[in-house]
2 protein chains.
Amino acid sequence: MKVQDIGEFGLIELVAGMVSGSGISGNVILGIGDDAACWHGDAPIELGTTDTLVQDVHFTLDTTTWGELGWRAVAINLSDIAAMGGVPRYALVSLAIPGDTDVESVAELYQGMLELGRRFDVSIVGGDIVSSPLIVIGVTVLGSIKDPDSILTRSGAVSGERIAVTGYLGSSGGGLRMLREGLWFDQETASLLREAHLRPQPRVVEGQALAEAGVRACIDISDGLISDLKKLCQASKVGARIEAERVPIRPLLRSAFPTSYLELALSGGEDYELLFTASEEVVTGLREILSSPVAVIGEIIEDEPGRVAVFDRDGKEIGLDSEGWEHFAQAHK
Amino acid sequence: MKVQDIGEFGLIELVAGMVSGSGISGNVILGIGDDAACWHGDAPIELGTTDTLVQDVHFTLDTTTWGELGWRAVAINLSDIAAMGGVPRYALVSLAIPGDTDVESVAELYQGMLELGRRFDVSIVGGDIVSSPLIVIGVTVLGSIKDPDSILTRSGAVSGERIAVTGYLGSSGGGLRMLREGLWFDQETASLLREAHLRPQPRVVEGQALAEAGVRACIDISDGLISDLKKLCQASKVGARIEAERVPIRPLLRSAFPTSYLELALSGGEDYELLFTASEEVVTGLREILSSPVAVIGEIIEDEPGRVAVFDRDGKEIGLDSEGWEHFAQAHK
């Protein structure tokens, strides 16, 4: 059955059924099916973020399942809420798809979104489904924060603070390269890389823990460690030095990409880990609370705002010729 | 200068500058430039809606200016908030565009959005700009309502109520036909039709007045009078009868389309007027308050849920073979 056979309204009905079957927050007054969604407002501070995935720019159906696509479209938004220290709560989904798309594929897409949504109590409350020659998935996630003083921003970094990251970097970039170039790896490596790229784990719990622990500066790693650290430093009017050796990289990624694992970790992007700054004590305290690893990789220094320098184990500065994904950029030199 | 020359970050900076120059609500803590937007939550009831425009599906640059496109992308969302009786407050804009788009065009697009936003104190607080082979504009608008009992829904219509609409119908459909078919009209007609289609006026003030006057059922006319009335009747489990002669149509539209003005008014869609049900007294009261016209066009009856019958001046039922735009639908018979 194709989307054009059941039409927009049939599709909305299908999606509304799936969404309500998956559980909706008790705060929601009206979900999918009216002109706008409607819920009780009870958050002192509200957060909103939106991210869009375009077919053959951000994903290809050759290597991505519909379920993974749904997961990823929601995950990248949850990661933005996490990077503010917020609690994600509601999602609006805007789906542009060709009329000859299988209805089953759309159902899988929403299953992927709902699966991730359930993990963090995020309800899909509304959206839009339109016809389009190529697939474009836009997700808006709304979240909340109790205390205005606990918001994590890009501008809160202070000279002398440690620079830390959650999890491991580069695996998503490695996954992308594997999928794009059709590289062969053993099953464990292949599934780790695929999972890292297509089913990233937004650090929602970690973001809230950072905020509670008194961290003030944070950004999620979407464009790449160096690129995102530059943005944080620019906003905070500071510089940064990174020790390449301390960047957390999975041994499997090192083995799979022995000559390029460091580049993947520095500039691969789409890891959706949290990059933040804090005192050594705060980082130590966080390590005791969090189940995901936290690594100190460098420090914030007084320097030209936005300047990021990376040093190797011999203390030699590494030249950076690739600074991470920038949309529209034609060359990265 | 092309978008790919200044890159995503250059473009975000440009947009952020335009947005902050246009005025942002004092409630906003962080606008464009961090991982998520952030504002003080102070609404008992919150509303969220999202709508997407796809190039060559919902618009073509052959007949639409970038400024009109921006206006329309925001207007269709404000109209959804209006149809709930809400106050629109914040917008998130997701823009997918080719890298060879002129930067000036993107600036015009945002000018169109900001122009309409200023009229209703709606602040653009965030968004996303990505590369795409075709233009896709997704706008999410968040709004608020004070009293949960005053929400206008599709399910609130009751048998015996009058069916009323604001403004005039069919002009937007006439505008679309004029632009698509390259029809020639005198300047007054041409500019009225163009304006109706490309710069619709969302009935934000009217929606709030309806809610305050005690109206309970409302929908905005996006797909067409009959199609949207059917949705309202389905949700309310009632039927409707419409007197074609009472449907408000501009004399200029009648002259421009002497054989099809009624079809345009019944099924043309995209008028973004409000269709609502209320007692005769409430409608009379609203006429005194509102500056836009309000016409009673029929009544809600007990009938098969969702059945809408249209009668001509002789009391003869008009056969409906076109029920308004449904995305993906291949045929309308």
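In the predicted model, Val28(A) has Trp39(A) of strand S2(A) as its bridge partner, and strands S1(A) and S2(A) pair in the antiparallel sense over two bridges. Strands, like helices, are DSSP runs numbered from the N terminus, with at least two residues (E) for a strand and at least four (H or I) for a helix, and two strands are said to pair if DSSP finds at least two bridges between them. Strands of a sheet pair through backbone hydrogen bonds, either parallel or antiparallel. Residues are numbered from 1 along each chain as its sequence is written, while chains are lettered from A and ligands numbered from 1 in the order in which they are written. Because the model is predicted, local features need pLDDT of at least 70 and side-chain atom pairs count only at pLDDT 80 or more, whereas totals for chains, interfaces and linings use all residues.

Strand S2 (residues 37-40) of chain A is also joined to S3(B) by four bridges, and these two strands run antiparallel; here Ala37(A) stands opposite Gly48(B).

Between the chains, 63 residues of chain B are in contact with 63 residues of chain A, two residues being in contact if their C-beta atoms, placed from the backbone, lie within 7 Å. Strand S3 (residues 45-54) of chain B gives the most to the side of chain B that touches chain A, with nine residues. By class, this side has 32 nonpolar, 21 polar and ten charged residues; Ala, Val, Leu, Ile, Met, Phe, Trp, Tyr, Cys and Pro count as nonpolar, Asp, Glu, Lys and Arg as charged, and the others, Gly among them, as polar. Chain B is superposed on chain A by a rotation of 180 degrees with 0.0 Å of shift along its axis (RMSD 0.0 Å), by least squares on the C-alpha atoms of residues with pLDDT of at least 70 in both copies. The two copies are therefore related as by a two-fold rotation axis.

Elsewhere in chain A, strand S9 (residues 239-243) and S12(A) pair in the parallel sense over four bridges, with Arg241(A) opposite Ala309(A). Val310(A) has Ile318(A) of S13(A) as its bridge partner, and in the hairpin of S12(A) and S13(A), with five residues between the strands, Gly315(A) takes a positive phi near 80 degrees.

Chain A averages a pLDDT of 94, and 96% of the residues score at least 70, pLDDT being the predictor's confidence in each residue, from 0 to 100.
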